[in-house]
Structures are given as structure tokens and as C-alpha cells.
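Me: I have a model open and want to go through its packing with you. Can we start once it is on screen?

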Amino acid sequence: IMDKITLDRIKLAHPKLRDELLADYLYINENILGKGVRMRITHTYRSPEEQHKLFLQRPKVTNADSWQSIHQYALAFDITILLDKNNDGVFEAVSWDLKTDNDKDGIADWMEVVRYLKSKGWTWGGDWKNFPDNPHFEQTFGHTWRTLKVKIQDDDYIIENGIKYPKI
């Protein structure tokens, strides 16, 4: 159930979110998703440079340039679903399919995760009208990227893991 890649990414999330994110990740994989299906966190913190590269990518994958994504403030994460196709304990396949029910419990795996995370207070990017972002979840504590950027510019942050985390 423990995925080192995901655990390492959780360590980069904003300190205010880490414990909650870890608990939600463990709960989903232990209680929501069935055998052969796991959630992985693909991104938490994303540097401004990484964000800018994504912004320039075509076909378009984001409207957010550097410092315009909640990822730069480590208050967001992206997910995918991992699949163990041959039941050997190795999750060798990745899925972003919102409709597939790989664990055969009658509910699409992706939507099981979405429903749970939304119930825990996470905002889902799949609900966005202008540019839905299905893998994306965030908690902004009432902030926007603009107010968070001001916190960084005004030295209202803590540094950990070499990352400037805005004080929330």
C-alpha cells in the first residue's frame, strides 16, 4: 500500500497539509480502492521553472504560468490511478480514465477517489468550468495565487526542503 514515490511527494507538500494528505492517501488505498488498484500522487510542489515549461507545452495542459499555480505554493497535488494488471503486486499500468472500474465494485475508481477527497474538503480541478483539470486537487485556505505570491514576495514564508512555503 505504501508507495515511496507518493510518500516522497507528500514530504514536499505544504507543512500544513502533509499529515492530512498522508492520512487521505492511506485511507483511499486501504479502504476505497480495491485489490489491484492504487492512487499515486504525481505532483505536489512544482517549481516556477517546471510550471513555466508546462505552460509553454503544446497541446495546452495548463493556463497557469510561473507563480500562477497553487502547486508553486505546495497547496495542490495531482493524482493518477495505478493498476496491477496481473495481480503480482507490481502496479505496472497507469490510468487517468474517469470511467473505468478496475476493482469491479460498481463505481469508477477515479470517481471513488474524487468523491472521498471532496468530502474531506479538497477542491477538485475536474469541477472547473473553463479548463477542467481532473488530476488536480487543492486546499488554498481562502487564498488565491495572487495573495500567496504576495506572501512569498513579502518574505512571509518558511523555508523547508529548499522550498519557500507561504505562512498560512
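**Contacts, rings and helices**

Me: What does Gly125 touch, not counting residues up to four places away in sequence?
Reply: Gly125 touches Pro132, Asp133, Asn134 and His136 on that count. Contact means heavy atoms within 4.5 Å.

Me: Before we go on, what sort of model is this?
Reply: This is a predicted model, where local features need pLDDT of at least 70 and side-chain atom pairs count only at pLDDT 80 or more, while totals for chains, interfaces and linings use all residues. Residues are numbered from 1 along each chain as its sequence is written, and side-chain values use heavy atoms, with hydrogens and water left out.

Me: Back to Gly125. Where does it lie, and is it buried or exposed?
Reply: Gly125 is in the loop between β4 (123-124) and β5. Helices (H or I, at least four residues) and strands (E, at least two) are DSSP runs, numbered from the N terminus. Gly125 has 0% relative accessibility and counts as buried. Buried means under 20% relative accessible area, exposed over 50%, and partly exposed in between (1.4 Å probe, protein chains only).

Me: What separates the C-alpha atoms of Gly125 and Phe137?
Reply: They are separated by 5.9 Å, with the two residues 12 apart along the chain.

Me: Why does the Trp67 and Tyr73 pair count as tilted?
Reply: The planes of Trp67 and Tyr73 are at 50°, so the pair is tilted, with ring centres 5.7 Å apart. Trp67 is partly exposed at 25% relative accessible area, whereas Tyr73 is buried at 0%.

Me: And how is the Phe77 and Phe137 pair arranged?
Reply: Phe77 and Phe137 are stacked, 5.4 Å centre to centre with 20° between the planes. This pair links distant parts of the chain, 60 residues apart: Phe77 is in strand β2 (residues 76-83) and Phe137 in strand β5 (residues 136-138). Phe77 is buried at 0% relative accessibility, and Phe137 is buried at 0% too.

Me: Which residues are in the ring cluster?
Reply: Ring pairs link Phe77, Trp122 and Phe137.

Me: Which charged side chains sit over rings?
Reply: Lys16 lies over the face of Phe141, 4.6 Å from the ring centre. The charged end of Arg18 is over the ring of Tyr165, 5.4 Å from its centre. The test is NZ of Lys or CZ of Arg within 6 Å of the ring centre and within 35 degrees of the ring normal.

Me: Switching to helices. How do α2 and α4 pack?
Reply: Helix α2 (residues 18-32) packs on helix α4 (residues 109-119) at an angle of about 135°, with the axes 11 Å apart. That makes α2 oblique to α4. Axes are lines fitted to C-alpha atoms, for helices over the stretch in contact, and angles run from 0 to 180 degrees between N-to-C directions. Under 35 degrees counts as roughly parallel, over 145 as roughly antiparallel, 65 to 115 as roughly perpendicular and the rest as oblique.

Me: Which residues meet there?
Reply: Asp24, Tyr27, Ile28 and Ile32 in α2 meet Glu112, Val113, Tyr116 and Leu117 in α4.

Me: Which residues of α4 are buried, and what covers them?
Reply: Asp109, Trp110, Glu112, Val113, Val114, Tyr116 and Leu117 are the buried ones. Their cover includes α2, β1 (37-43), β2, β3, β4 and β5. After α4 comes Gly121, with a positive phi near 100°.

Me: What does Ser95 touch, leaving out residues up to four places away in sequence?
Reply: Ser95 touches Thr80, Ile81, Leu83 and Trp110. Ser95 is in strand β3 (residues 93-95) and is buried at 11% relative accessible area.

Me: Last topic, the backbone. Which peptide bond is cis, from which residue to Pro59?
Reply: The bond from Arg58 to Pro59 is cis, with omega near 0°. Pro59 is in the loop between α3 (48-56) and β2.

Me: What about phi at Trp67 and Ala74?
Reply: Trp67 is not a glycine, yet its phi is positive, about 70°. Ala74 is not a glycine either and has a positive phi of about 60°. Trp67 is in the loop between α3 and β2, and Ala74 lies in the loop between α3 and β2 as well. Ala74 is buried at 1% relative accessible area.

Key: Rings of Phe, Tyr and Trp (its six-membered ring) pair if their centres lie within 6.5 Å; planes under 30 degrees apart count as stacked, over 60 as edge-to-face and the rest as tilted.
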